[in-house]
Amino acid sequence: LVLEPGQSIRVPMWLHVPHQQQQQQQGRFGFHCVWYCEPQIMVSAAMRYRLLLTHHSVAVRPLLALAPSVSPSGKDLSSYMLRLEATCSREASGTLHLQQLSCLTAGTDAGWRAYSITDTGAGSASSHTAAEAGSDHSSSHSSSSSYQLKRSLAPDLQLSAGESCTHFLQLMSPAAQEVAAGAAAGSS
């Protein structure tokens with residue numbers, strides 16, 4: 001990269017906030033950067049490069065609070081209902097768009113899948129109760145061809161500052177998926 005006299009650039013940086021006991025801290029954090037520069041035309045052998053030390057400070061505030069709760073499914077004891085409450089910070093500017101939810105599992109628990117019980121639609125916040133979610137599940141599970149277990153879902157939740165919503169998901173273990181697949185094959 002060559003900078004001409006009077007020219008400026010913007011350098012994007014991805015910063016990781018210090019963690020303490022598995023929780024991100026909030027507040028002001030300072031960090032140093034060292035910039036290495038070489039002149040385009042060699043002025044003297046003594047000045048082959050320059051170092052510029054800068055100090056920066058950033059304010060870190062929570063943007064999104066997630067409160068998951070998991071309970072056994074009333075219909076199938078080998079699957080679970082996940083209730084995810086999302087709250088956008090009152091200090092947020094603009095709209096927050098939650099684009100992806102993923103099941104990250106490894107080892108003997110690898111292979112968990114989920115499907116959305118809540119129909120949120122674009123930009124809408126769900127206000128389903130657990131009873132409504134359970135009835136949605138039973139009707140969509142038996143009659144809808146859109147029932148698809150996935151490792152990652154796109155919930156399309158949009159929240160403005162201070163808004164919150166609840167999203168319901170059905171979680172299925174690998175064993176429960178085998179049982180469901182066998183039941184579906186037997187009924188067709």
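Okay, one definition before anything else: a residue is buried if its relative accessible area is under 20%, exposed if over 50%, and partly exposed in between, using a 1.4 Å probe and protein chains only. By that rule, 23% of the 188 residues in this protein are buried.

Now, some ground rules. This is a predicted model, where local features need a pLDDT of at least 70, side-chain atom pairs count only at pLDDT 80 or more, and totals for chains, interfaces and linings use all residues. Residues are numbered from 1 along each chain as its sequence is written, and side-chain values use heavy atoms, with hydrogens and water left out.

So how confident is the predictor? pLDDT is its confidence in each residue, from 0 to 100. The average here is 76, and 79% of the residues score at least 70. Watch residues 120-146, though: the pLDDT there is below 50, and the stretch has 35 contacts in the model beyond near neighbours in sequence. A contact, by the way, means heavy atoms within 4.5 Å. Where pLDDT is low, predicted coordinates should not be read in detail.

On to the fold. We've got 2 helices and 12 strands, taken as DSSP runs numbered from the N terminus: H or I of at least four residues for helices, E of at least two for strands. The order along the sequence is β-β-β-β-β-β-β-β-β-α-β-β-β-α. And of the contacts between residues at least 6 apart in sequence, 66% join residues at least 24 apart.

Let's zoom in on two loop residues. S89 sits in the loop between β6 (79-88) and β7 (96-98). Is S89 buried or exposed? It's buried, because its relative accessible area is 18%. Leaving aside neighbours within four places in sequence, S89 is in contact with P62, L63, A161 and G162. Its side chain also reaches the backbone nitrogen of E91 at 3.1 Å.

The other one is M47, in the loop between β3 (27-37) and β4 (50-60). M47 has 23% relative accessibility, so we call M47 partly exposed. Setting aside neighbours within four places in sequence, M47 is in contact with P39 and M42.

Last stop, the surface. The accessible surface, from the Shrake-Rupley method with a 1.4 Å probe and, for residues, only the protein chains shown as cover, comes to about 13,500 Å². Of that surface, 53% belongs to carbon and sulfur atoms.

That's the tour. Thanks, everyone!

Terms used
pLDDT = per-residue confidence, 0-100. Polar contact = N/O pair within 3.5 Å; in protein donor to acceptor, adjacent residues only side chain to side chain.
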